[in-house]
Amino acid sequence: MPDAFITSVLHITTGGAETVTDLTDDCVRFLTRAAVGRHGLLNIFVPHATAGIAILETGAGSDEDLLATLHTLLPADDRYQHRHGSPGHGRDHVLPALIAPHATLPVIGGRLELGTWQSVCLVDTNRSNTNRQVRLSFLGAREA
C-alpha cells in the first residue's frame, strides 16, 4: 500500500507563558496532503518531557480553565524533587502524566473526526522552553 504512513513535524513557538495552543487547523492542513479520501488514524505526539496533547474546547474559556486547574493540581513551588530550571519547574515534568504527550484520532474519508466543539491542543506549562515540536503521523488505507 503506497504511502500507508506519512509524517511531518510542526515547529511551534509558545512564548514565555503557560499556553494552550490550538493545533486543529495544522492537523487539517496535514491531512489535506496526507489522507485524501482515506480512512485511518492521525497520531499527534509532542516529544518533550514537559508538554502534552489535549482534546478540548477552546475560545470559550476552557483553555484558561485547564491552566487554572493545572495550577491547583500542580502548584509551581518548591515541593518537587526535580528542581533544575525555573522555580516550580518540577511540576512541568509531572504534566505529561496527567495530559499525555500524544493523542490518536480517527480520520474518515480524509477528514479528521472531531466532535463539534473539540480541538486538538498543545498544552505547555514550561515557560523556559518556548520552542516545541509536534509530530503529526497518518496511518491509513484507501476506501474500499
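Two residues are in contact when heavy atoms lie within 4.5 Å of each other. By this rule, and leaving aside its neighbours within four places in sequence, Ile44 is in contact with Cys27, Ile53, Pro101, His102, Ala103, Leu105, Val120, Val134, Arg135 and Leu136. The model is predicted, so local features need pLDDT of at least 70 and side-chain atom pairs count only at pLDDT 80 or more, while totals for chains, interfaces and linings use all residues. Residues are numbered from 1 along each chain as its sequence is written, and side-chain values use heavy atoms, with hydrogens and water left out.

The protein has three helices and eight strands. Helices (H or I, at least four residues) and strands (E, at least two) are DSSP runs, numbered from the N terminus. Along the sequence their pattern is β-β-α-β-β-α-α-β-β-β-β. The C-alpha atoms fill a box of roughly 55 × 30 × 25 Å, taken along the principal axes. Of the 144 residues, 43% count as buried. Buried means under 20% relative accessible area, exposed over 50%, and partly exposed in between (1.4 Å probe, protein chains only). Among contacts with a separation of 6 or more, 83% come from residues 24 or more positions apart.

Three strands form an open antiparallel sheet in the order E2-E7-E4. Strands E2 (19-22) and E4 (51-56) are its edges, and each pairs on one side only. Two strands pair if DSSP finds at least two bridges between them. In general, strands of a sheet pair through backbone hydrogen bonds, either parallel or antiparallel. Neighbouring strands of this sheet are turned by 30° against each other on average, direction ignored. Angles run from 0 to 180 degrees between N-to-C directions, and axes are lines fitted to C-alpha atoms, for helices over the stretch in contact.

E2 and strand E7 (residues 119-124) pair over four bridges. Here Val20 stands opposite Val123 in E7. Six bridges join E4 to E7, and Ala51 stands opposite Asp124 in E7. E4 is mostly covered, with five of its six residues buried. Helix H2 (residues 62-73) lies across E2, E4 and E7 and runs at about 145° to E2.

A nonpolar core is a set of buried Ala, Val, Leu, Ile, Met, Phe, Trp, Tyr and Cys residues joined through side-chain atoms within 4.5 Å. The largest core has 22 residues, of which Leu42, Ile44, Ile53 and Val134 touch the most other members. Strand E1 (5-13), helix H1 (24-34), E3, E4, strand E5 (102-108), E7 and strand E8 (131-142) each give two or more residues to this core. H1 gives the most, with four residues. A second, separate core of ten residues includes Val20, Leu66, Leu70 and Ile99.

Thr50 lies in the loop between strand E3 (38-45) and E4. Thr50 counts as buried because its relative accessibility is 5%. Its side chain makes a polar contact of 2.8 Å with that of Arg132. A polar contact is a pair of N or O atoms within 3.5 Å; within protein, one must be able to donate a hydrogen and the other to accept it, and residues adjacent in sequence count only if both atoms are side-chain atoms. Beyond four places in sequence, the contacts of Thr50 include His89, Asp92 and Asn126.

The structure holds zero disulfides, a disulfide being a pair of cysteine sulfur atoms within 2.5 Å. The sulfur of Cys27 is 9.5 Å from the closest cysteine sulfur, in Cys121, and therefore too far for a bond. Cys27 is buried, at 0% relative accessibility. Cys121 is also buried, at 0%.
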